[in-house]
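Okay, everyone, thanks for coming.

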Amino acid sequence: MSTLINPISRRVSKQVFVGNVAVGGGAPVVVQSMTNTDTADIDDTVKQIIQLHDAGSEVVRITVNNKEAAAAVPYIMEKLDKKNVEVPVVGDFHYNGHMLLTQFPETAKALSKYRINPGNTGTRERDKNFCTIIEQAIKYDKPVRIGVNWGSLDQQLLAEKMDTNNALLEPKSSKEVMIDTMIESALRSTALAEEVGLASNKIIVSCKISGVQDLITVYTRLASVCDYPLHLGLTEAGMGMKGIVASSTALAVILQQGIGDTIRVSLTPEPNGDRALEVRVAQQILQSLGLRSFLPQVTSCPGCGRTKSTYFQELADEIQTYIVEMMPIWRQIYPGVEEMNVAVMGCVVNGPGESKHANIGISLPGTFEEPKAPVYVDGEHVTTLTGEGIGKRFKAMLEDYIISRYAIRSL
Ligand code: SF4
């Protein structure tokens, strides 16, 4: 990756280990995701955990919502182990987590982290149940995420805060009170967890809400009042373009402030859609901000009336697809390749300039230009391709470049 003029200065936070993955304390921002299988269906869940992990999810969360799901967890971990898949698996608990973690000790042991929603640990015995989960975390030396969600906010606390607010001469808006309550719920829970005996470096916090501006407000405030690592995510982001744009917008603004130690992009998949899309979007957000590198980036222009041919679009697509397909192999044998930049441009206006800024770039001819395509390597014009098979020859040059630049060499 090229040197950034203004690299992001990260918020200082404690470091928490989720299995062997470091979260916070200056560690790279971790990408995580969540399965949508029935956890009790062991094979289906194992398959999806592997799919998410292969796509780059460094931590995978599964729901543990009932006895069948809890009973399945050790078998899921055993199957992953047999397939040599090493990924920390997090259990998502609501309502009955205190009972499940107590009744299924092998599950409590097998999981790498417990996610607790403090608004969903019960009605009458909320704190007692919460403390039971914390006791299990202490017993098995596991970290927890205290994950507040505005859709399941502690209603008792919210009602108290609303009453107090209504008595003020100048009451805040109900949205402001909601945000205050989310932060207070998270901090009350972290204090309670520490009182029970959980070490502060075993706690990750999140406060998720579905509005972009609200999420930015919550995390900006939360970051200033604690030093726990923060899990970021726009909850219920939605489907397709809406979900991707809303998540990217919210997370980018927060990450740009140096806030956030692990992220999840909560996309609603299309029916039978690819669950791993949320992983790729999370990676792209981090790479676009210059926080991490996962995949060589293809810079291509949008095209305009100066190029009527669709050839450069096809070539950009072909190169992009090729990179995605090859990355599992390249990652092993060409360290650093994920930082490479490739340019595929549509005409002479910006083509040569953009190509010179890339590691390797091609400027295809626009309408009425001579049918030739100059290729630039590390800023130098190395050749001009003409005639048939320009794309094929450019791909071969790309491969040669990768081998010469990134192949592991024995000293
Ligand atoms: S590089 Fe050429 S074809 Fe591409 S958008 Fe710019 S002017 Fe249009």
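**A walk around the model**

Let me start at Asp 378, which counts as partly exposed because its relative accessibility is 45%. One thing before I go on: this is a predicted model. Asp 378 sits in the loop between strand E16 (372-377) and strand E17 (380-386). What makes me stop there is the backbone: phi is positive, about 50 degrees, and Asp 378 is not a glycine. As a reminder, most residues other than glycine have a negative phi.

There's another one of these. Asn 272 isn't a glycine either, and its phi is positive at about 60 degrees. You'll find Asn 272 in the loop between E12 and H10. Is Asn 272 buried or exposed? It's exposed, with a relative accessible area of 83%.

Now, Arg 275 is buried, and yet it has no salt bridge. Which side chain of opposite charge is nearest to Arg 275? That's Glu 278, and it's 4.0 Å away. If we skip the neighbours within four places in sequence, the contacts of Arg 275 include Met 34, Thr 35, Asn 36, Gln 48 and Gln 51. Leu 52, Arg 264, Leu 267 and Pro 269 are also among them.

The protein has 13 helices and 17 strands, and its C-alpha atoms fill a box of roughly 75 × 60 × 45 Å along the principal axes. Of the 411 residues, 51% are buried. And if you take contacts between residues at least 6 apart in sequence, 67% of them join residues at least 24 apart.

On to salt bridges. How many does a search of the whole structure find? The answer is 22. I'll pick out a few.

Arg 292 pairs with Glu 58, and the closest N and O atoms are 2.8 Å apart. Arg 292 is in the loop between H10 and strand E13 (297-300), while Glu 58 is in the loop between helix H1 (42-55) and strand E4 (59-63), so this pair ties together parts that are 234 residues apart in sequence. Arg 292 counts as buried, at 18% relative accessibility, and Glu 58 is partly exposed at 22%.

Next, Arg 115 with Asp 92, where the closest N and O atoms are 3.2 Å apart. This pair links strand E6 (residues 113-116), which holds Arg 115, to strand E5 (residues 89-93), which holds Asp 92, and the two residues are 23 apart. Both Arg 115 and Asp 92 are buried.

Then Lys 161 and Glu 184, with their closest N and O atoms 2.6 Å apart. Lys 161 belongs to helix H6 (residues 155-166) and Glu 184 to helix H7 (residues 174-196), so here the bridge ties together parts 23 residues apart in sequence. Lys 161 is partly exposed at 23% relative accessible area, and Glu 184 is partly exposed at 26%. There's also a network: Arg 10, Arg 11 and Asp 261 are joined by salt bridges that share partners.

Last stop, the ligand. Around it we have, among others, Cys 301, Cys 304, Arg 306, Cys 347 and Asn 350. By class, that shell has 5 nonpolar, 4 polar and 1 charged residues. Okay, over to you.

Conventions
Residues numbered from 1 in each chain as written. Predicted model: local features only at pLDDT ≥ 70, side-chain atom pairs only at ≥ 80, totals over all residues. Heavy atoms only, no water. Buried < 20%, exposed > 50% of the residue type's maximum accessible area, 1.4 Å probe, protein only. Lys, Arg positive; Asp, Glu negative; His and termini not counted. Contact = heavy atoms within 4.5 Å. Helix = DSSP H or I, 4+ residues; strand = E, 2+ residues; numbered from the N terminus. Near = heavy atom within 4 Å. Nonpolar A, V, L, I, M, F, W, Y, C, P; charged D, E, K, R; others polar.
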